Amino acid sequence: MGPLRSISRRHLLRSSACGFGLMGLQSLLAEEGHADPLAAKPPHFAARAKRVIFLFMHGGPSQVDTFDPKPRLTLDHGKPLPFKRPLTFAEGSTGNLLKSPWQFRQHGQSGIPISELFPNVARFADDLCVLRSMVGDSVAHGGAVLQLHTGSNTFTRPSMGSWVVYGLGTENRNLPAFLTLKPGLSHGGAKNWSSGFLPASYQGTAVGHGGVKIDDLTEPIEHLKNTGLSAEQQRYELDMIQKMNRASTERWQQDSELDARIQAFELAFRMQTEAPEAFDISKETEATKKLYGLDGPESRDFGWQCLMARRLAERDVRFIQINHEYGPGNEVGWDAHSELIRLHTRTALQVDRPIAGLLEDLKSRGLLKDTLVVWGGEFGRTPIAQAGDGRDHNPYGYSMWMAGAGVKPGTTYGATDEFGYYAVEDRMHINDLHATILHILGLNHERLTYPYGGRAFRLTDVAGKVATKILA
Amino acid sequence: MRLPFVLLLLTPLQTAGAQTPAAAQADFFEKRVRPILATRCQSCHGAKVQSAGLNLTSAAGFRAFSARLLPAVSYSGPAKMPPTGKLSDGEIAALREWVNMGAPWPESEPAGTPAADFWSFRPVKVPSLPPVKNEGWARNPIDRFVLARLEERGLAPAAPAGKVTLIRRVTYDLTGLPPSEDEVRAFAADASPEGFAKIVDRLLASPRYGERWGRHWLDVARYADSTGADEDHRYPHAWRYRDYVIDAFNRDLPYDRFIREQIAGDLLPDEKGGEVNTAGIVATGFLALGPKLIAEQDKPKMFYDIVDEQIDVTGKAILGLTIACARCHDHKFDPVSTKDYYSLASIFASTKQLAKLEGTVSKLYFAPLVGRDAAEQYESHQQKIEAKKLEIDEVKAEEARRYRDALSPRMAEYMVAARKVYVESAAPADAAKAASLDAALLARWVEYLKPGKERRAHLEPWYQAAPSDLESTARRYQTEFQEVAAKRDKKFQPGDNRFFTEVAAAKGPLGMPDAQRDKPLTAALDAEMAKLKDSAPAEPPFACGVAEGKNVDQRVFVRGNPAALGDPVAKRFPSVLAGENQPPITAGSGRLELAHWLTDARNPLTARVMANRIWQGHFGEGLVRTPSNFGLAGERPSHPELLDWLATEFVARGWSIKALHRLIVLSNTYQMSGAATPEMRELDADNRLLSRFKMRRLAVEEIRDSLLAADGSLDLTMGGSLQKGEGTDKEFSDDRKSPNPDNSTRRTVYLPLRRSNLASMFNLYDFGDATTSTETRAQTNVAPQALFMMNSAFVATRARTLATKVMDDPRGIERAWYLVLGREPEPGERQAARDYLERFPSKSGDGAGRLLAWSSLCRSLMASNDFIYVH
């Protein structure tokens, strides 16, 4: 609702009550600046992207087996690590250097090397900006997942998506501004999409969770459907609620709070139609479904999530996160402490086609121009073996990639050492990743602050550098 | 809708838009320069160490160096600083900009004000009562303080609230539940002057009171039933602490004792002279129930994260100070140094926090609630059982090894025969007979070797072996297996061979089947085990608490890093509050001394902070609107004398919280109406002067409890645990969620809180995160809440049950109004309700249609503003 309509409606609303003069109305309108926390807000400077799709790979994909080839690792296979090993998660069960069992090939004009685990994503090599120098602070999932989502590996802070919505608001008021599809319940659980100390309006809305197969997902968003009333009956009921609420506003002559609640009910009523439509993929063509891998039993779940990401992007949802999670049929996902070959082969199979489908579809619909796609896990994996044929956690140097609006396509950024253990060039800490994502959205990470408990907090806390080299 | 925090908590860093040049420079210094100095310079040029005679912690110290700063940091001068690595370009640019400004170095406080003179650090002063014009309005001193400020601004206080409004307000306020129809009617009819006081006494005596106000404290104490963070292990005994808090409020345990017990209850004598102070041990749950990353592998960091969390919650909850900021650098705003911080840290670091820190997942400590002898007896018996189990396991493992080694010499033959079965489809029995192998064993080999859906890298050489190489390949597998078997025993070792691991596993082809075990081998041991178990003492009750630990010699950790040791520190309390001359703490952790110091009547913060929290509970906002930050970055009190008067009364009345409630609730200030006049909107827009009563939205507990009360299904059983199970659950399991509130009709305060996944209703209605100390709940107003009212099964059930209860009663409409809204329907509403029921669009005019219409009416009431707001 635009401001003019808002004034006239409010004017009408008040005309029946004893009005309180121009002064009162002005202060009322001034309050409206605070009345709608989700109203679209201008960025700090020109934005390169309008929205984010974050493809979260819970468990930690191995960088040396996917996007960061290490010939030296192949050469020195089986030898001890020639430098001091940092703290690992499974202290005591790690061994010697383990070469990648997968071949790397250069792809596209850019010649970015990608392993055979991602044959479909590789077709979009020229769209990727591969970040090879990611660094985090936690060697265990709990802290690492929390840090990737909130910037802190210890405390509860607002999540990245909440900060983005706090900074920019949303352009579609009939859908939540921040949605996370099938998130995990472990390693921080809901803290990873919570608004922390930001007002609850900014919290992410979870659709299902990691343990639910999409075919068993009956209600994507809670409380969207009324099971007892027909649409007509519900409208009838809502009219009664609103009538009582308007009477209450008049009786108490209170500030805009009571009025805001009237609006919330109308918005809720519209969401009941808009949201199920957004989640209904029945009108998508078979070709589209196939593009996303919905026809494959392995890729069906993640394919649905990727397709949903595109549908939500089309509907101007600001922050869309889709999660590859631990779960029935996925076991431990990317978290291959042993049996790297079996687990990574299967997990890649589950996500490769859907992700490629998403990139292709976003491109052909022109959405990649204003959408930033981010791919990655909470850390990478060690170049040394664990339990003989697995890899342990490695937050010291690992890969993520970005694609779409705001980043240089067909490039790599940063580098790890010759074994792929430590980031050594253009190190990109998670705080830097956050600063860069905010920057691409037109937000200065140092200015996006919120006062809490006596100080101004930011997503990047006291750190964060924008990786200017990757900006398009 | 409002954003309370945005409006109310403007910190010095937040006012950039409208600040003076000096303030902008100060802001620049605090934001951009001081952090560089603190993290990159002051470890060598600070208060403790002054390399090259430089102290960069003050303006005076800096002046000696000012000309050399830029050459040094840009590495262009003779000294290249910091020597550990050049600053980033951005940092150097910030320093250059700062120098160009003339290197302004703002003092933390306006010049000339020593930090110790800051209002909240000064002793509480008994204020004199201010004169007022309208003497008649001032029922007690609270009113005088409020009225004096209003009169100063030429405002008159709002008229008294109507009786129906007032009884609903005070009943929700003190019990979190609505008044009954009888209570409302009786109060409306009671013209006596003591009528209201009698209601207040009744409410304060009700057990419902502790359930409401105890919850306020549980917010501050960040109470939850699991560790949160990574593994989210249950705190199986957390509920005892919750029940303790509710009980403490109900029996009006003096606040000073309440605090002492929560910090050091295990060290205090039992109130009733018993051997073990069980209530005291339970109370230390305040320290023990914080979030813990128990799977963190950096164990020293993890331990000091726990210590830090305890300093944080203690500082915020009790002192209203953000002490934990000083973990890495001297506090930016408050006079709390890193040394102060580690002095406190040494107290909590000398406290027993965990049963076992080492190990991939650290083990939580549960404090036994029985005497030392009984606890030790139980513990040593459990250890005997554990030892016996290990003994039995070892015998079994040895037997399994013999079984395995007896069979491995013919492994290659079994592999070849198995292949005949799963590749050439030979009949298993024939294949076994042909090679004179055991048929059952062969079947297990077939089961293991036949290719499945997934690739097994270690079996690839076997699958890809040419027919002519099959036997030699199988022999290689056998040799490798036997080599590994000879080298290692039961424990899994790095670099282990997956083929060996799988084949020798209990379910593998060479794993010992339980049925083949030689039972008599362990018969004697099994009997001993059974006897041990039979004679085991019963498990004593436990609490999630702390105990005295090993005394540590604490040092400052430079920049918070446990590996970077600075100066040693003694156990002490922050100098700004406790002074420089403190009696040394010579024995024990120091928690007992800390508990006594916190609750010393001379401590300027403890009583003020709690009096302010109680005020906030009644009025929605505190006199200080940053209730957990009374430091320099916090807000100043709107009525400082009133706050000091309340703090004085609080201590003088034996730290009685109920006495403070009575004083506040019986004041005219509390009993004002919420209606704002145009003058109030203009001169007291945000109600800082308390010209009227501020309406509030019900909290999630009140919403749920009231709806359960409305349809008569609220179960008022008190205490105990509704949480099942121990430890944690599979990563993707539904069991990681907090139990669904729809499955219980108990009061919401008793629902278990799994920190990582709170029930969605809690998130929906601003419960907070149960992980950090919550000073104020937000009161948002968003569409998903409306969806909950319109569509949730919970509200639908409440509405239907209520409809069933009242629809056949001639007073049905009136009763529904009272049960949900606590008042009589207005004449217009009565008619509207009748019309609503009559015209409800329903195809069936039968009973089902009628129930539907009534349920819908009841839901409308539940969804209305008049339900969810208290005026």
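**View 1. Helix H27 of chain B and the residue after its end.** H27(B) is followed by Gly620(B), a residue whose phi is positive, near 90°. The model is a predicted one, in which local features need pLDDT of at least 70 and side-chain atom pairs count only at pLDDT 80 or more, while totals for chains, interfaces and linings use all residues. Residues are numbered from 1 along each chain as its sequence is written, and chains are lettered from A and ligands numbered from 1 in the order in which they are written. Helices (H or I, at least four residues) and strands (E, at least two) are DSSP runs, numbered from the N terminus. Helix H27 (residues 606-619) of chain B has 14 residues and reaches 20 Å from its first C-alpha to its last, close to the 20 Å expected at 1.5 Å a residue, where the expected span is 1.5 Å times one less than the number of residues.

**View 2. The cover of helix H27 of chain B.** Of the 14 residues of H27(B), 11 are buried; a residue is buried if 20 or more other C-beta atoms lie within 10 Å of its own, exposed if 12 or fewer, and partly exposed in between, with C-beta atoms placed from the backbone. Among the buried residues are Arg608(B), Trp615(B) and His618(B). The cover includes helix H7 (163-175), helix H15 (299-319) and helix H28 (640-652) of chain B, on the basis of contacts, in which the C-beta atoms of two residues, placed from the backbone, lie within 7 Å.

**View 3. Two loop residues with positive phi.** Asp232(B), although not a glycine, has a positive phi of about 50°, and lies in the loop between helix H10 (207-220) and helix H11 (238-250) of chain B. Asp232(B) counts as buried because it has 29 C-beta neighbours inside 10 Å. Ser425(B), also not a glycine, has a positive phi of about 55° and lies in the loop between helix H18 (411-422) and helix H19 (428-434) of chain B; Ser425(B) is exposed, with 7 other C-beta atoms within 10 Å.

**View 4. The surroundings of Glu548(B).** Glu548(B), placed in strand E6 (residues 547-548) of chain B, is partly exposed, with 17 other C-beta atoms within 10 Å. Not counting residues up to four places away in sequence, Glu548(B) touches Thr351(B), Lys352(B), Gly588(B) and Ser589(B).

**View 5. The contact between chains A and B.** The contact takes 86 residues from chain B and 89 residues from chain A. On the side of chain B that touches chain A, H33(B) gives the most, with 7 residues.
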